[in-house]
Amino acid sequence: MAQRVTLRKRQPYNTTSNRRRVVKTPGGRLVYHHLKKIPTQPKCGDCGIGLPGVPALRPRQYATVSKRIKTVRRAYGGSRCGDCVKSRILRAFLVEEAKIVKKVIKSQQQQKVAQK
């Protein structure tokens, strides 16, 4: 028959913060090891995929690591993925081009009206 294992903390419920694993000690006893929560990777704010280059840590651990670990050296580094940044830059460029084209067409129409 399996040896009984007693809880080490006061919380008896099977919650995410109370995960545990049975470990055999060198003395042959079975004891519980309480596990930490699994960290999730930061997600892109636009498309929702995990940000490559930024480690998955618990929120409080981000305070202890340096800034270069939390970000990527790019515009929108620790916030958006590279593809979303690329599409943002392209969209901004096309919007500006459309404004220029609109201005050119308007000036051409004014010239035609002035010639008549």
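This section describes the domain division of the model and the local setting of selected residues.

The model is predicted. The protein is divided into two parts, domain 1 spanning residues 1-38 and domain 2 spanning residues 39-115. Their C-alpha centres lie 46 Å apart.

Asn 18 sits in the segment before strand β1, which covers residues 20-24. Its relative accessible area is 0%. Asn 18 is therefore buried, since the limit for that class is under 20%. The side chain of Asn 18 makes a polar contact of 3.4 Å with the side chain of His 34. Beyond its neighbours within four places in sequence, Asn 18 is in contact with Lys 9, Gln 11, Pro 12, Tyr 13 and His 34.

Pro 59 was considered next. Pro 59 is found in the loop between β2 (30-34) and α1. Thr 40 is 19 residues away from Pro 59 along the chain, and the C-alpha atoms of the two are separated by 9.3 Å.

Most residues other than glycine have a negative phi. Tyr 76 is not a glycine, yet its phi is positive, at about 60°. The relative accessibility of Tyr 76 is 45%, so Tyr 76 counts as partly exposed.

Arg 80 also lies in the loop between α1 and α2. Its relative accessibility is 19%. Arg 80 therefore counts as buried, the cut-off being under 20%. A polar contact of 3.2 Å links the side chain of Arg 80 to that of Asp 46. Leaving aside neighbours within four places in sequence, the contacts of Arg 80 include Cys 44, Gly 45, Asp 46 and Leu 51. Arg 74, Val 85 and Arg 88 are also among them.

Helix α2 covers residues 82-115 and contains Phe 93. Phe 93 has a relative accessible area of 48%, so Phe 93 is partly exposed. Together with Leu 90 and Leu 94, Phe 93 makes a nonpolar surface patch of about 310 Å².

Notes: Residues are numbered from 1 along each chain as its sequence is written. This is a predicted model: local features need pLDDT of at least 70, side-chain atom pairs count only at pLDDT 80 or more; totals for chains, interfaces and linings use all residues. Side-chain values use heavy atoms; hydrogens and water are left out. Helices (H or I, at least four residues) and strands (E, at least two) are DSSP runs, numbered from the N terminus. Buried means under 20% relative accessible area, exposed over 50%, partly exposed in between (1.4 Å probe, protein chains only). A polar contact is a pair of N or O atoms within 3.5 Å; within protein, one must be able to donate a hydrogen and the other to accept it, and residues adjacent in sequence count only if both atoms are side-chain atoms. Contact means heavy atoms within 4.5 Å. Patches are made of residues with over 30% relative accessible area and no salt bridge: like charges are joined within 9 Å, nonpolar side chains (Val, Leu, Ile, Met, Phe, Trp, Tyr) within 5 Å. Accessible areas come from the Shrake-Rupley method with a 1.4 Å probe; for residues, only the protein chains shown count as cover. A salt bridge is a side-chain nitrogen of Lys or Arg within 4 Å of a carboxyl oxygen of Asp or Glu. Domain bounds come from an automatic or database domain assignment.
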